[in-house]
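Please read it alongside the sequence and the structure shown below.

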Amino acid sequence: MSTAAVHSLWTTAAASADPISKIDAPKIEYGQLSPTLIVLGAALVGVLVEAFVPRKNRYYAQVFVSAVALCAAFAAVIALAAGGYGTTKAHVAAMGAISVDGPALFLQGTILLVGLLGVFTFAERRLDPAAHGNRVDSFAAQAASVPGSDSERAAVKAGFTTTEAFPLLLFAIGGMLVFPSANDLLTLFVALEVFSLPLYLLCALARRKRLMSQEAAVKYFLLGAFASAFTLFGIALLYGYAGSVSYARIAQVVDGTVTDVDPALAGTMGNDALLLVGAAMIVMGLLFKVGAVPFHMWTPDVYQGAPTPVTGFMASATKVAAFGALLRLLYVVLPGLRWDWRPVMWAVAIVTMLGGAIVAITQTDIKRLLAYSSIAHAGFILAGVIATTPSGISSVLFYLAAYSFVTIGAFAVVTLVRDAGGEATHLSKWAGLGRRSPLVAAVFAVFLLAFAGIPLTSGFAGKFAVFKAAAEGGAMPLVVVGVISSAIAAFFYIRVIVLMFFSRPHPEGPTVAVASPLTTVAIAAGVAVTAVLGVAPQYFLDLASQAGVFVR
């Protein structure tokens with residue numbers, strides 16, 4: 001058949017068919033998505049800074065862009081909350097992809113503040129002695145160089161710095177802002193990858209102990225890839241079950257209130273095996289991110305090997321984002337499955353609390369000890385998730401805010417205690433620290449007491465809130481296990497305090513570096529939040545309560 005004949009047939013068929021309906025342009029509420037857009041825009045600016053700004057000026061440009069962007073994004077969150085988008089105007093934006101509601105804004109505000117403190121710890125350049133007349137930070141001089149190679153030595157001598165860490169941090173924060181506010185499963189998965197991939201890279205960038213750092217990054221990447229694969233397979237199964245990736249649609253199919261059924265999906269819709277296996281796989285991926293047992297194996301190795309500023313940021317912000325996403329999934333998508341997922345989460349919470357607390361006792365490295373501590377705290381937060389009541393949501397929001405500031409402050413203190421090999425993380429090196437540097441030891445003691453949940457600290461207010469919510473939700477045995485785990489955990493926190501204040505310092509022990517105002521601000525903010533939320537928590541509990549309603 002000739003080309004002209006084909007063209008004639010095509011035009012005849014087109015003329016006889018109905019005119020193609022107009023394709024509507026997507027409706028995006030840019031103002032309501034502004035916190036995320038500001039951070040991702042600044043990350044792109046950071047990439048351009050790396051490309052066009054002279055090397056000696058990049059550090060200052062990157063710190064300025066990162067700090068200004070996070071402050072502007074936080075101001076946007078406050079403006080949205082003041083405009084009623086956390087309460088009366090809460091709705092689903094971006095054509096059903098993003099929720100703008102109380103929990104999303106509360107968690108985004110927390111992530112942005114923690115991210116700002118993370119920028120300050122990333123930017124610290126006074127802790128290590130100058131190398132070849134140049135100040136150095138926690139990151140490798142040239143990340144692409146093989147550890148110990150001639151190219152690495154040349155990069156150190158030339159005074160190179162890996163300022164790419166700042167745009168990577170902003171991309172991670174951008175993904176974290178979307179993660180707890182995602183309103184469909186594809187947006188959830190894209191956000192998961194957007195914040196995970198920069199973290200894998202950041203974990204490999206330590207200036208000292210390069211090989212350990214790279215090993216930590218590989219472990220995190222491989223296990224994170226497995227978790228992502230589980231999540232993606234779960235999304236596929238839930239799509240097969242409900243015929244949609246939208247949270248609202250899946251919830252309707254679970255509840256049996258759906259009316260219009262696509263004939264192509266009628267055969268699989270309502271297949272409970274797809275629902276149960278798919279939901280389990282997605283929850284598994286989220287539990288990996290929060291570091292719950294038995295998906296916790298990456299946590300101690302990655303926390304120990306990553307640069308300490310990265311560990312502090314990751315330990316605090318990732319938990320906030322992942323628990324926010326887990327709350328939305330369980331409370332918005334799967335409330336109809338409550339009787340199926342609650343017993344499983346009970347078991348996960350119990351083994352996470354006890355496992356984290358018991359194994360932490362055996363640790364001799366301060367970063368590994370804090371890693372197992374974070375696993376135990378994931379169990380405490382899960383107790384609030386299991387409550388399945390409005391007070392459960394608000395208690396989890398409050399706990400996440402309190403925990404994140406204590407964590408980033410504690411890891412900032414760890415960066416200060418140094419010997420000839422860099423950070424002195426072995427516990428034996430911390431003996432007598434209270435006599436060498438009473439102020440630093442006292443600040444670290446405050447953070448440890450907050451982790452232990454001692455009264456007049458934010459940790460006590462947070463634990464009291466989640467345990468009270470769990471008890472009201474009928475999970476009293478879980479509260480008993482939580483209290484026992486807290487008592488076990490208190491032992492190793494108190495042990496470190498005793499080691500610092502009541503042990504004789506070694507003559508060749510580590511020194512405490514004098515930090516710049518940047519790290520000082522991060523530590524001071526952690527202490528201030530710990531004290532304020534511990535002494536006068538009511539205002540912030542009320543704030544979390546007001547923010548504790550998901551848009552459906």
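A cavity is here a set of grid points where a 1.4 Å probe fits but cannot get out, and a volume is the space filled by probe spheres set on such points. The model is predicted, and within it the count comes to four cavities of 30 Å³ or more. The second largest cavity has a volume of about 40 Å³, while about 60 Å³ of space lies in the largest cavity.

**Second largest cavity**
- Lys289, Val290, Gly291, Trp298, Thr299, Tyr303, Met314, Thr318 and Lys319 line the second largest cavity, and helices H10 (272–290), H11 (298–305) and H12 (308–333) each supply at least two residues of that lining.
- By class, this lining has four nonpolar, three polar and two charged residues.

**Largest cavity**
- The lining of the largest cavity consists of His377, Tyr399, Ala402, Tyr403, Val406, Ala450, Phe451, Ser458, Gly459 and Gly462, with H15, helix H17 (438–452) and H18 as the elements that give two or more residues to it.
- H15 provides the largest share of the lining of the largest cavity, four residues.
- Six nonpolar and four polar residues make up the lining of the largest cavity, which has no charged residues.

**Packing of H15 and H18**
- The axes of helix H15 (residues 390–414) and helix H18 (residues 458–472) come within 9 Å and cross at roughly 160 degrees; because angles over 145 degrees count as roughly antiparallel, H15 is roughly antiparallel to H18.
- The crossing of these two helices, H15 and H18, is left-handed.
- On the H15 side the contact involves Ser391, Gly392, Ser395, Val396, Phe398, Tyr399, Ala402 and Val406, and these meet Ser458, Ala461, Gly462, Lys463, Ala465, Val466, Ala469 and Glu472 in H18.
- The residues of the contact of H15 with H18 divide into nine nonpolar, five polar and two charged.

**Largest pocket**
- About 650 Å³ of space lies in the largest pocket, which is lined by 23 residues, the closest to its centre being Phe74, Ile78, Leu105, Phe106 and Leu543.
- Helix H3 (55–82), helix H4 (102–122), H15, helix H20 (517–535) and helix H21 (538–546) are the elements that give two or more residues to the lining of the largest pocket, and H4 gives the most, with six residues.
- The lining of the largest pocket divides into 17 nonpolar and six polar residues, with no charged ones.

Note on methods:
Residues numbered from 1 in each chain as written. Predicted model: local features only at pLDDT ≥ 70, side-chain atom pairs only at ≥ 80, totals over all residues. Heavy atoms only, no water. Axes fitted to C-alpha atoms, helices over the stretch in contact; angles between N-to-C directions. Parallel < 35°, antiparallel > 145°, perpendicular 65-115°, else oblique. Left-handed = near helix turned anticlockwise from the far one by under 90°. Contact = heavy atoms within 4.5 Å. Nonpolar A, V, L, I, M, F, W, Y, C, P; charged D, E, K, R; others polar. 1 Å grid on protein atoms, 1.4 Å probe; cavity = no way out; pocket = protein on both sides within 12 Å on 5 of 7 lines; lining within 4 Å.
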